[in-house]
Amino acid sequence: MASQAVTPQSVDFSKWYNEIVYKADLVAQSPVRGCFIIKPYGYELWEAIRNSLDKSFKETGHQNAYFPLFIPESYLKREAEHVEGFSPELAVVTIAGGKTLEEPLVVRPTSETIIGEAFSEWIQSYRDLPLLINQWANVVRWELRTRPFLRTTEFLWQEGHTAHATEADAEAETLQMLDIYANFAIHEAAIPVIKGRKSNVERFAGALRTYTVEGMMGDKRALQSGTSHNLGQNFAKAFDIQYLDEANTRQYCWTTSWGLSTRMVGAIVMAHGDDTGLRLPPRVAPIQLVIVPIFRSEDEKAPVMQAVDQLKAALNAAGIRLRVDDREGLRPGFKFNDWEMRGVPLRMEIGPKDVDNNSVVLARRDVPGKEGKQFVSQENIAATVAELLDTVQASMLQQATVFRDANIHDIQSYDQLQQVMEAGGWARGWWAGSDDDERRVKEETGATLRCIPLEQPAGGGRCFMTGQAAGEVALFAKAY
RNA sequence: CGGGGCGUGGCGCAGUCCGGUAGCGCGCACGGUUUGGGUCCGUGAGGUCGUGGGUUCGAAUCCCGCCGCCCCGACCA
């Protein structure tokens with residue numbers, strides 16, 4: 001069937017996304033609205049994300065644990081801002097075992113409360129700090145509107161929770177984890193995210209400060225791809241997380257939490273996809289290389305498959321994730337399109353002519369059409385492929401960075417903000433507005449304050465909205 | 001909850017205005033053909049037309065009720 005995909009830069013980007021996640025076999029519909037089945041190919045992509053992050057967590061001294069799905073309703077109520085923030089989207093169990101429960105159980109929307117309760121028992125002394133815990137889990141948030149990966153009723157994520165002796169330690173942890181997210185997004189997912197701080201309006205319910213990494217999608221909208229919160233002493237006070245310091249006096253801990261979800265899968269799809277379908281960065285692609293053998297007859301098939309077996313062995317030995325498409329009855333052209341739609345970064349074509357010449361064709365997914373094809377020798381194929389995968393990885397980051405930078409516009413006035421939002425893109429300008437000003441921006445232009453970037457220009461200027469003196473620039477964009 | 005739309009084989013749809021044998025494309029199964037950019041031909045399987053009632057000799061089609069889903073808005077990793 002011919003691909004009906006539209007250009008991701010067009011107004012039909014949403015439609016393109018909804019179609020491609022199904023066609024590329026990432027996801028399937030489920031019986032429950034807002035919940036989606038993640039199919040093996042999509043799950044492998046999530047596993048690649050998970051494995052990379054988990055490695056970074058371990059390297060920075062974090063340990064995995066697992067906390068219960070059900071949280072007593074009273075726990076959420078202990079932190080006022082937190083419960084207010086999450087109440088509208090909670091799923092609550094009131095009946096179990098055929099009886100009405102004395103206290104309803106909340107299906108976790110996040111686990112600060114139950115982990116805070118545990119921390120209060122685990123932590124006695126400054127010697128117990130820092131306590132660095134992460135969990136891989138599912139959470140449920142009953143959102144009104146959902147989309148595969150980007151906003152689902154149930155989603156998979158990791159949530160890190162840490163406790164520290166000092167505010168400085170907590171802040172350092174918060175920023176360290178933000179760096180891990182940013183490094184993953186940039187170097188693995190090839191999405192050049194911008195690190196920044198959230199405004200009061202966008203801050204996590206109960207946090208002192210929230211940091212974010214924001215990525216630009218193919219339609220120039222922003223997507224928050226990971227967050228890290230400095231919770232201050234808010235949860236420590238709500239859950240009585242205290243320790244005895246070296247002077248034998250009781251002190252409240254400073255805690256953090258940080259999370260990255262299956263939304264990252266959607267980010268990768270939306271940041272890189274094109275007319276033909278997905279484009280997956282080699283470092284996270286479940287299949288990095290697909291080999292398409294080409295032959296007309298059984299006589300031609302034997303030598304081709306023999307060469308394929310040899311190439312496959314060499315590539316496997318080098319740790320390259322590959323698949324041989326030996327499906328019968330399908331023409332090569334069909335297979336080319338099929339794997340391009342699924343985003344496989346590199347394709348190897350090998351037919352009788354190549355066997356004679358000791359060559360193969362390698363086709364890059366990041367360069368469209370025939371220009372992405374090249375003949376290479378079968379000698380040292382593993383090294384050739386590995387190098388080309390690195391090239392594709394770098395090229396995809398480069399393309400995404402050029403696209404991002406071309407679509408961030410510096411603004412000096414509210415008019416300019418409105419113009420940028422109408423035309424599409426991100427707006428960057430000096431900002432000293434109030435929370436109400438920020439809400440007005442959202443109402444009138446559809447843009448939200450995505451973040452106050454950590455990297456700031458020198459000096460200061462006048463707020464583009466209020467004209468007041470401003471010391472920081474902020475990024476505004478329409479977001480998912 | 002406000003505004004708009006849709007429920008017909010696995011998926012996408014036509015048929016509804018004007019009632020009269022349930023159709024098309026894709027997919028699936030089988031046989032043949034084909035393979036360097038989305039092969040072609042043939043045969044076949046598969047549908048309580050969302051649901052309940054009403055009108056009628058006869059309802060996918062007309063009337064009334066109900067249910068479900070999608071899109072836009074409010075909420076959001």
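**A guided reading of the predicted model**

The charged end of R440 sits over the ring of Y414, at 5.1 Å from the ring centre; a charge is said to sit over a ring if NZ of Lys or CZ of Arg is within 6 Å of the ring centre and within 35 degrees of the ring normal.

The structure is a predicted model, in which local features need pLDDT of at least 70 and side-chain atom pairs count only at pLDDT 80 or more, while totals for chains, interfaces and linings use all residues. Residues are numbered from 1 along each chain as its sequence is written, chains are lettered from A and ligands numbered from 1 in the order in which they are written, and side-chain values use heavy atoms, with hydrogens and water left out.

The description may begin with the sheet. An open sheet of 11 strands, with mixed pairing, has the order β3-β7-β8-β14-β11-β10-β9-β22-β25-β21-β20. Strands (E, at least two residues) and helices (H or I, at least four residues) are DSSP runs, numbered from the N terminus, and two strands pair if DSSP finds at least two bridges between them. At the edges stand β3 (63–64) and β20 (408–410); each has a single partner strand, so one side of each is left without a neighbour in the sheet.

Within this order, strand β9 (residues 194–197) pairs with strand β10 (residues 209–216) in the antiparallel sense over four bridges. G196 has T212 as its bridge partner in β10. Helix α8 (residues 263–272) packs on the sheet and touches β10, β11 (222–232) and β14 (254–261), and its direction makes about 145° with that of β11. Such angles run from 0 to 180 degrees between N-to-C directions, the axes being lines fitted to C-alpha atoms, for helices over the stretch in contact.

β9 is also joined to β22 by two bridges, and these strands run antiparallel. Here the bridge partner of G196 in β22 is P453. β22 pairs in turn with strand β25 (residues 473–477), in the antiparallel sense and over three bridges; L449 stands opposite F476 in β25. Six of the six residues of strand β22 (residues 448–453) are buried, so this strand is largely enclosed by the rest of the structure. Buried means under 20% relative accessible area, exposed over 50%, and partly exposed in between, with a 1.4 Å probe and protein chains only.

Strand β11 contains S225, which counts as buried at 6% relative accessibility. The side chain of S225 reaches the backbone oxygen of L223 at 3.1 Å. Leaving out residues up to four places away in sequence, S225 touches V213, G215, L260, M264 and A267, where contact means heavy atoms within 4.5 Å.

In strand β7 (residues 131–140) lies N138. Its side chain makes a polar contact of 2.9 Å with the side chain of E154. A polar contact is a pair of N or O atoms within 3.5 Å; within protein, one must be able to donate a hydrogen and the other to accept it, and residues adjacent in sequence count only if both atoms are side-chain atoms. Beyond four places in sequence, the contacts of N138 include Y66, R108 and E154.

The aromatic rings form a further theme. Rings of Phe, Tyr and Trp (its six-membered ring) pair if their centres lie within 6.5 Å; planes under 30 degrees apart count as stacked, over 60 as edge-to-face and the rest as tilted. By this rule the count comes to 13 aromatic pairs. One of them is formed by W46 and W136, which are edge-to-face, at 5.9 Å centre to centre and with 70° between the planes. This pair links distant parts of the chain, with W46 in helix α2 (residues 40–59) and W136 in strand β7, 90 residues apart. The rings of W431 and F464 have centres 5.5 Å apart and planes at 35°, so this pair is tilted. Both residues of the pair, W431 and F464, are buried.

Ring pairs also link W46, F57, W136 and W258 into a cluster. H62 is placed in the loop between α2 and β3 and is buried, with a relative accessible area of 3%. The side chains of H62 and T60 are joined by a polar contact of 3.0 Å.
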